[in-house]
Amino acid sequence: MIEDALGRAVLNGDSKGAIAATEAALAAGVDAGELIRGSMIPAMDEVGRLFQCEEYFVPELLLASRAMKGALALLQPLLARSGAQPTGRVVIGTVKGDLHDIGKNLVASLLEGGGFEVHDLGADVAPEAFLAAAEQWQADIVALSALLTVTMPSMRNTIEAFRRAGARDKVKIIVGGAPVTRQYADEIGADGYSQDASAAVELARALVGRN
Amino acid sequence: MRKSFYLDLATSGLRMPVGTDLVLHEHPDADLVMEDGRRLGLVMETTARRYGTPLALSLMDLRLEKRDLLRLLGNVDADVDTFHFQEAPSEDQVAQVRALSAAPFAKRNQAHLDAVRYVAKETDLTAVGMAIGPFSLMTKLMADPITAIAMAGAGLEPDDDPGILMAHRCLALAEAAIARSLAAQIEAGAHAIMLCEPAANRVYLSPKQIEAGSDIFERFVLEPNLRLRRQLADAQVDLIFHDCGELTDSMVKEFATRLSPSVLSLGSSRQLWKDAQLVPKDIVLFGNLPTKSFYSDAVMPEEKVESLTRELIARMQETGHPHILGSECDVLHVPEAAGRISRKVDVMLSCAKRAPAPAT
């Protein structure tokens, strides 16, 4: 049960309420990290649970993410100053040749709400760009999205690029998207497959050892 | 509209894929074919004759109306795939597009029209034009349409949020561009139009909000489509309404009962035999084998295609609802899986052939 004002605002997709609740909590001396750990993450976890049992749908996820981002915009500068560490670092993008980004955006939002530091490369991302970003941000996880069967081979190409560069063992690579299957993920050597956005957060936590 | 024509096709046991893209890519210069109306028309004709159907479907190129719209707005260098409005289009821009309804088309769009014309004038086939639907085109004009629609669904108004204003204006632009496209295809001789709304689904439109009484489905999907339907009806052109997205029962029922298409084409997430209970019996259900998976033998082996086909046929026969067995959407050419896909389409079309039901 989400009972605090910030958590309820996030759960209800209320951006203005989330910002107001965050400002009030900070003014009352609540620690930024505690707001994330104690309010935001549980609220986003609840959003994910409601999505999995089909009480919430993609629009509700996006409204909740929007509210969460409004609060995070106030909290992140404070976290940076305090040296607090994220749950993990993720580089995410839609693979080369594919312009679809709804699923990828959802995963990125939920990962952010789950305490991950997320670097979103957008859509149509070349393997080299994933490689460079993973190195730049010291990513724990690289998340690849594809919505078209014709672009799924780009997932394989991206994993191969990491292998050729000797960087394969430095990251966990997870894949997802409508045409992607667990079978395909195994076939191309991915570390994980997620069939929806909230499962991606659980998977990411498991892969960084924070579940 | 000639519903009896499609009902008779269903009674005859017709099966067909939306297969124009497959045949198009048998040409090594497919890109050039797409800009040559006569050659593209021949592709439509070849597809229809290969699959034994009187319906010659245009290529399902759902970028055409966006490409035309951007050109009408003077954005000739814009990338069709990635262009999104950064702020709400102005009322002047909407008026501009409406005023240019008779402007010439660019080469690719003109080829689409000429292909329809070729089929209508030089073959005995039924020329079926193609267009994206207004809601789906709106979503392609915005970077984040879902949040905008969700905020509208939460009760906010255009004055409350720029995203909602953008959605309304983009929808107006979309409808104007599609109305122009439909008029041109009608003039070219299209007897039917397949109006494609893949985005009008529960990803973009919250079932929770709709159930709670929000009018977003009515306002953003049904109203503009009803106007386009009237445009077709006034020209005595048949409506084939296509939505392969994940739908609620209520959405399927609304499409059927409010738009009253001659044919309702649905994706593989639906169980057509259950939808038969929601759809009036004068509307043919089309589909809905999971052809998006045909590229993979691991996911969709031929045996599974056959078993799914047999199941669908048997279950639809039990309902007594008119049905044309077909693909869940455009069967796209996948270079490394072309033969595999073709074989499965053939399995879908040939297995468990039954004798046509006697005419009523």
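This tour visits aromatic rings in chain B, and the charged side chains that sit over two of them.

The model is predicted, so local features need pLDDT of at least 70 and side-chain atom pairs count only at pLDDT 80 or more, while totals for chains, interfaces and linings use all residues. Residues are numbered from 1 along each chain as its sequence is written, chains are lettered from A and ligands numbered from 1 in the order in which they are written, and side-chain values use heavy atoms, with hydrogens and water left out.

Rings of Phe, Tyr and Trp (its six-membered ring) pair if their centres lie within 6.5 Å, and the planes count as stacked under 30 degrees apart, edge-to-face over 60 and tilted for the rest. Over all chains, this rule gives five aromatic pairs.

Select Phe83(B) and Phe85(B), an edge-to-face pair with 5.1 Å centre to centre and 80° between the planes. Both Phe83(B) and Phe85(B) are buried (under 20% relative accessible area, with exposed over 50% and partly exposed in between, for a 1.4 Å probe and protein chains only).

Next, select Phe241(B) and Phe255(B), which form a tilted pair, 4.7 Å centre to centre and with 45° between the planes. Phe241(B) is buried at 0% relative accessible area, and Phe255(B) is buried with a relative accessibility of 0%.

Finally, look for charges over rings (NZ of Lys or CZ of Arg within 6 Å of the ring centre and within 35 degrees of the ring normal). Arg2(B) lies over the face of Phe5(B), 4.6 Å from the ring centre, and the charged end of Arg180(B) sits 3.8 Å from the ring centre of Phe105(B), over that ring.
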